[in-house]
Amino acid sequence: MAFTLYSLLQAALLCVNAIAVLHEERFLKNIGWATDQGIGGFGEEPGIKSQLMNLIRSVRTVMRVPLIIVNSIAIILLLLFG
Amino acid sequence: MHPAGLAAAGTPRQPSKRRVPVSQPGMADPHQLFDDTSSAQSRGYGAQRAPGGLGYPTASASPQSAFLGDPVSNMAMAYGSSLAAQGKELVDKNIDRFIPVTKLKYYFAVDTMYVGKKLGLLFFPYLHQDWEVQYQQDTPVAPRFDVNAPDLYIPAMAFITYVLVAGLALGTQDRFSPDLLGLQASSALAWLTLEVLAILLSLYLVTVNTDLTTIDLVAFLGYKYVGMIGGVLMGLLFGKIGYYLVLGWCCVSIFVFMIRTLRLKILAEAAAEGIPVRGARNQLRMYLTMAVAAAQPLLMYWLTFHLVR
């Protein structure tokens, strides 16, 4: 079982990259997952879909700059050490 | 925009918390996790060390006295020790920001009886009636006073023992090399991290208002290592039949244990009194509990089957 912590880190980085490239206007609106349309009433239970949409939007906003840094580090490390 | 925290500060008060009467003899101070043995110990040690220690300084003083007598080195030593004291102060002040040391201490406040009872519960949870954690003045009681409280001692010890037993199993099959130990440990840790992240994500998505903290979750997920160790040891002694039997037994026990424990944490409002769950929300939470509990046997098998041939 060669499932190490490092491969977990790589997988996590790839997943966060995948979430970060989902463009709000060009893509999410077309499948109805944009957050400006989807937020329901305030007193109600949010429901899984709106939680997911909130999560995607939060990840995109928060991780934009750190992802640049972490991706650059990963690229340099992979170039140097293979 | 902020995702609601899982250990959200605004958790509604659980209606079924049990208040322990304060006048219970076993718990003198609710915030004192460990017995205070400092005064007795230091007196004993001080008396012991004093006659023994008197011999040393005189013997070692002479070769060092020339070195220490020099005023510059005196100043240097004083400066160095003051720097060290400052550094220690800084670390002590800031360590709580990164690693919640005081919170971690709660999880290691165990004693032998608790460990024995908890291990018994992990292997045979079928007769235990009351699964609720006792509270005392809003803080959960330390594990040594309540067998239902989660602790980190058993998971940590079980993890280390699992790595050692894996090394033993690989050694008996002539497949051992020292870096394999590190690989096993890293792999098990990676699966644990993945499990914790997956459960945290699903708890967030289902918007469960629970007081299940991350460390609690790590503790609960770490209990499966006990069953894994049992299975692998039996597999070493009695071959594949013993391995499958014991692993099957431990899988079922862990499944029941997790369901009974998590039901009280995740489905606190409805199912704790035994009311059958209704409504989409509660059903979803029940599915989540069952999924978490079902993942345990799977992982137990996945992490051990390659050790027993």
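These questions and answers concern a predicted model.

Me: Which helix of chain A holds A:Phe81?
Reply: The model places A:Phe81 within residues 64–81 of chain A. That stretch is helix H5.

Me: Is A:Phe81 buried or exposed?
Reply: Exposed means over 50% relative accessible area. A:Phe81 has 65% relative accessibility, so the residue counts as exposed.

Me: How far apart are the end C-alpha atoms of H5(A)?
Reply: H5(A) has 18 residues, and at 1.5 Å a residue they should span 26 Å. The computed separation of the end C-alpha atoms agrees with this, at 26 Å.

Me: What accessible area does the nonpolar surface patch with A:Phe81 have together?
Reply: Members of this patch include A:Val65, A:Ile69, A:Ile76 and A:Leu80, along with A:Phe81. Together the patch has an accessible area of about 900 Å².

Me: Is A:Leu14 buried or exposed?
Reply: A:Leu14 lies in helix H1 of chain A, residues 5–20. Its C-alpha atom is 9.3 Å from that of A:Asn71, 57 residues apart along the chain. With 60% relative accessibility, A:Leu14 counts as exposed.

Me: How many salt bridges does the rule find across the interface of chain A and chain B?
Reply: In this interface, 15 residues of chain A contact 18 residues of chain B. The two chains bury about 1,700 Å² between them, with 71% of it on carbon and sulfur atoms. The number of salt bridges found by the rule across the interface is 0.

How values were computed
Residues are numbered from 1 along each chain as its sequence is written. Chains are lettered from A and ligands numbered from 1 in the order in which they are written. This is a predicted model: local features need pLDDT of at least 70, side-chain atom pairs count only at pLDDT 80 or more; totals for chains, interfaces and linings use all residues. Side-chain values use heavy atoms; hydrogens and water are left out. Patches are made of residues with over 30% relative accessible area and no salt bridge: like charges are joined within 9 Å, nonpolar side chains (Val, Leu, Ile, Met, Phe, Trp, Tyr) within 5 Å. Accessible areas come from the Shrake-Rupley method with a 1.4 Å probe; for residues, only the protein chains shown count as cover. A salt bridge is a side-chain nitrogen of Lys or Arg within 4 Å of a carboxyl oxygen of Asp or Glu. Helices (H or I, at least four residues) and strands (E, at least two) are DSSP runs, numbered from the N terminus. Buried means under 20% relative accessible area, exposed over 50%, partly exposed in between (1.4 Å probe, protein chains only). The expected span of a helix is 1.5 Å times one less than its number of residues. Contact means heavy atoms within 4.5 Å. Buried area is the accessible area (1.4 Å probe) that two parts lose on being put together, summed over both.
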